[in-house]
Amino acid sequence: MRSSWDLTIIGAGPAGMSAAREAAGRGLSVLVLDRQEQPGGQIFRSVGQAGAERLARLGPDYAKGLPLIESFLNSGSEFLGGANVWHLSPGRVYFSRAGASTAVMTRYILIAGGAMERPVPLPGWTLPGVIGAGAADVLLKSASLLPRGPVILCGNGPLILQTAAHLREFRVPVAGVVLTGNPAGALGALPAFPCAALARPLYMARGMGLGLRMMLGAPCHLGAGDVAVRKTGEEFAVGFRSRGRVRELRGGSVLLHEGVVPETRITRLARLGHAWNRRQRYWHAAADEWGGTNLEGILCAGDIAGVRGVDAAVAGGRLAALEVCRRLGRLGLDERDTAARPDLRVLRRGALVQAFMDRVFAPRPENLQPADDAVVCRCEELTAKELRETILAGCFSPDGLKAQARPGMGTCQGRMCSAAVAEMIAHTLAVPLERLNPYHAQSPLVPLSLGELAAMTIPDEGL
């Protein structure tokens, strides 16, 4: 493999594949790195290996990943699956693959790492048989594994609707749906609905149909809070408060979901600027519509720059590739702008829909505050009570709490507890959440042996 590239893309989801296809098609040398062995990201996980029956059951939104993956694999770009990027800076990317670390030189880097389910600690969320709805979707797509029914769905966000539809399609019974969003949020979103419906009428109609079928297909409890899971034998019980009453559902497994958030550890490691999404309560990489960031050599595309869905990710990846081509002299400004018009329209229509979605599925801050007995840091097995005591003793930042009580010191390096820790500090000390910076990301992002580091060859400077 060559040691220098025009463009190195981190992430082979919709944004990364779209960018690679465009850049390679215009003559750039392109390297694409992804943790998974196959391209597709989470949304198109294993679509290339899915049979006709599974494709039909999972629907056209999943199947449309097939032509994208096929065109990406035939684009002339180099794809390396199973590659974990552990450090980067403008002009250089370090990654580990099959027990060996490699450093490559690159003129531009595009980070297209995507998003993750928002971890929300609650009592019982670490029990076997309690997983994220997104994780259940991955298991279905990659291994045809289904949760044990009847399933209790709990949380907030459009993925709840999709998960309920998939369970119904595969004939898995649903014991009930515990919706933790604010019912008033839908009313507050009504002013944004006409623009969203005009921008993407079929998308909005499909979403409303999924919601209606979910409501009719299983008992739904609105405005739920104080959710806790316990297990007796093989049966789960989910207790919660809804409409002023304490209620309980029983089932064979529990799927949790509280929306998705950008996975920003790698952009924080790169020292990119970040912006705060007030309604969805998350940080995302600050990038313009061309993917440009505060660092000249690094661009961002897809959900890592704000969760906007698969169509926006595809468009954003292509726009970033066109911008790289312009910067490298392969395209003039007018040529770039002409080629970009369809994708800019997709982004602008998507922004109108997302403005509506962000209001409808806004998380309730009180539901992001873990109960005292909830395990917040799974790696270090630290409860909310232990962390609150440290905060009250004099701790004013996530990095400070990390130093004093060790949340974020484990294998996941704060991936699962960072947001919850910030929510707890903001609530306990009554400070605005957006004033608290997330954990400071450090290299390496993944565990490495000293032998692997010692054996790594560093390429010469220059391209």
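# Why is it called that?

Guide: Pro444 lies in the loop between α15 and α16 (450–455). Helices (H or I, at least four residues) and strands (E, at least two) are DSSP runs, numbered from the N terminus. This is a predicted model, where local features need pLDDT of at least 70 and side-chain atom pairs count only at pLDDT 80 or more, while totals for chains, interfaces and linings use all residues. Residues are numbered from 1 along each chain as its sequence is written, and side-chain values use heavy atoms, with hydrogens and water left out.

Visitor: What joins Pro444 to Ser443?

Guide: A cis peptide bond, with omega about 0°. Gly149 and Pro150 are also joined by a cis peptide bond, with omega about -5°. Most peptide bonds are trans.

Visitor: Which residues of α13 meet α15?

Guide: Ala384, Leu387, Arg388, Ile391 and Leu392 do, against Val421, Met424, Ile425, Thr428 and Leu429 in α15; contact means heavy atoms within 4.5 Å. By class that makes eight nonpolar, one polar and one charged residues. Ala, Val, Leu, Ile, Met, Phe, Trp, Tyr, Cys and Pro count as nonpolar, Asp, Glu, Lys and Arg as charged, and the others, Gly among them, as polar.

Visitor: What makes Asp6 buried?

Guide: Buried means under 20% relative accessible area, exposed over 50%, partly exposed in between (1.4 Å probe, protein chains only). Asp6 has 12%, so it's buried. Among the residues that Asp6 touches are Arg107, Tyr108 and Arg330.

Visitor: Is Asp226 buried or exposed?

Guide: Exposed, because its 59% is over the 50% mark. Asp226 lies in strand β12, and its phi is near 50°, a positive value in a residue other than glycine.

Visitor: Why does Gln413 count as partly exposed?

Guide: Its relative accessibility is 29%, so it sits between the 20% and 50% cut-offs. Gln413 also has a positive phi, about 55°, although it isn't a glycine.

Terms used:
Lists of a residue's contacts leave out its neighbours within four places in sequence.
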